[in-house]
Amino acid sequence: MAIPRSEYLSAVWRDGIFDNKVVFCTGGAGTICSAQVRALVHLGANACIIGRNVEKTETMAKSIATARPGAKVIGIGAVDVRKIESLEAAVERCVKELGGIDYVIAGAAGNFISPISGLSANAFKTVLDIDTIGSFNTLKATLPQLIISAAKNPNTGTNPSTGGRIIFVSATFHFTGMPLQAHVAVAKAGVDALSATTAIEYGPRGITSNVITPGPIMGTEGMARLGSREAEKTGTAFKKVPLQRYGTVKEIADGTVYLFSDAGNFVNGEVLVIDGGDWRTPGSPGNRRSEYPDFLLDDSMARQKPASKS
Ligand code: HXC
């Protein structure tokens, strides 16, 4: 049966598809998550972004608010996703000021590069606490709001008003394993499992839960840390990517719009890999151990300066 053109135009890819919706995003001051939120605000949503650094988070909120005249974007800093109480307080403020939460992006992450031999038990645990426990805490703190939103916006497949959706931002490292990223790979495997379980457990209430895994994306901290060394050496790092380029934050934002829009109504429990096909190639970072011998043999890598906290 032919689908009328108007059904596409009215429901998806138009201005205002997220009018009167609220997105709550952890790690929202970071390069990728801020682009995801900016796209949703641009298309009508209001937003609450959560970060650890107060000034960075508030400045980013002001910047995102310029995406659309009249947009309300709150930046709540000094929130540590490892502590559920601090997230619950942020959720309370978001609901009070913006009226509820329809979409959640669990994007806060911690990352540094280190060989396994350079990871203390606490270093390993720290990344699991931020990525896995932090994602769980984000889900737990926002779940009552997601349930309310899903009930208000039944996911019938014909209702253009969607709500009660969560996206976890993960990585591809655990698909293959990745040198210097054991802690992150393990943490993100847990995040993927949490999303899949949420999809099954809360699907019957109309909630969708999916994962987005960005690949090498230009301008991110991760690329600065993991990509630049190789790029500096050869100037051709992007050639590993089947599409022969790095991705852009807009391409991650596009995936986010897709999953939260009516176009994503029936997508639940999935992992949307946005990496140009990178993880599948034999030359991708996951299986390129031979290119890291100096890193792997040199435990001094374990004491690289940590990234600035977002
Ligand atoms: C080995 C390290 C280390 C390093 C810290 N540790 N940096 N071990 N190598 N480079 C150890 C510490 O010695 C300590 O263990 C434990 O980790 C906790 O360190 P703290 O500094 O006390 O932790 P904290 O202040 O909570 O900082 C967390 C952090 C930090 C993860 C270490 O880097 C951070 O907050 N980062 C947030 C910003 C960030 O990384 N964003 C990027 C996300 S991108 P001991 O045993 O000494 O007590 C992303 C995608 C990656 O995740 C994509 C890549 C391509």
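Q: Which residues does Val-73 touch, not counting residues up to four places away in sequence?
A: In this predicted model, Val-73 touches Val-41, Asn-46, Ala-47, Ile-49, Ala-61, Ile-64 and Ala-65. Val-73 itself lies in strand 3, residues 73-76.

Q: Why is Val-73 called buried?
A: A residue is buried if 20 or more other C-beta atoms lie within 10 Å of its own. Val-73 has 25 other C-beta atoms within 10 Å, so it is buried.

Q: How far apart are the C-alpha atoms of Val-73 and Ala-45?
A: They are separated by 9.0 Å, while the two residues are 28 residues apart along the chain.

Q: What makes Asp-278 count as buried?
A: The cut-off is 20 or more other C-beta atoms within 10 Å. Asp-278 has 22 C-beta neighbours inside 10 Å, and therefore counts as buried. Its place is the loop between strand 7 (271-274) and helix 10 (293-297).

Q: Why does Asn-20 count as partly exposed?
A: Exposed residues have 12 or fewer neighbours and buried ones 20 or more, with partly exposed in between. Asn-20 has 13 C-beta neighbours inside 10 Å, so it counts as partly exposed. Asn-20 lies in the loop between helix 1 (5-11) and strand 1 (22-26).

Q: Where is Leu-180, and is it buried or exposed?
A: Leu-180 is in the loop between helix 6 (173-176) and helix 7. Leu-180 is buried, because 25 other C-beta atoms lie within 10 Å and the cut-off is 20 or more.

Q: Why is helix 5 called roughly parallel to helix 7?
A: Helix 5 and helix 7 (residues 182-202) have axes that cross at roughly 15 degrees and come within 8 Å. Angles under 35 degrees count as roughly parallel, so helix 5 is roughly parallel to helix 7. The contact involves residues of helix 5 including Ala-123, Phe-124 and Val-127, and residues of helix 7 including His-183, Val-184 and Val-186. The crossing of helix 5 past helix 7 is right-handed.

Q: What is the span of helix 5, and what is expected?
A: Helix 5 (residues 121-152) has 32 residues and reaches 44 Å from first C-alpha to last, close to the 46 Å expected at 1.5 Å a residue.

Q: Where is the kink in helix 5?
A: The kink, of about 50 degrees, is at Leu-143, shortly before the proline Pro-144.

Q: How many helices and strands does the protein have?
A: The protein has 10 helices and seven strands. Of its 310 residues, 46% are buried.

Key: Residues are numbered from 1 along each chain as its sequence is written. This is a predicted model: local features need pLDDT of at least 70, side-chain atom pairs count only at pLDDT 80 or more; totals for chains, interfaces and linings use all residues. Helices (H or I, at least four residues) and strands (E, at least two) are DSSP runs, numbered from the N terminus. The expected span of a helix is 1.5 Å times one less than its number of residues. The bend at a residue is the angle between axes fitted to the seven residues ending there and the seven starting there. Axes are lines fitted to C-alpha atoms, for helices over the stretch in contact, and angles run from 0 to 180 degrees between N-to-C directions. Angles under 35 degrees count as roughly parallel, over 145 as roughly antiparallel, 65 to 115 as roughly perpendicular and the rest as oblique. A crossing is left-handed if the near helix is turned anticlockwise from the far one by less than a right angle, and right-handed if clockwise. Two residues are in contact if their C-beta atoms, placed from the backbone, lie within 7 Å.
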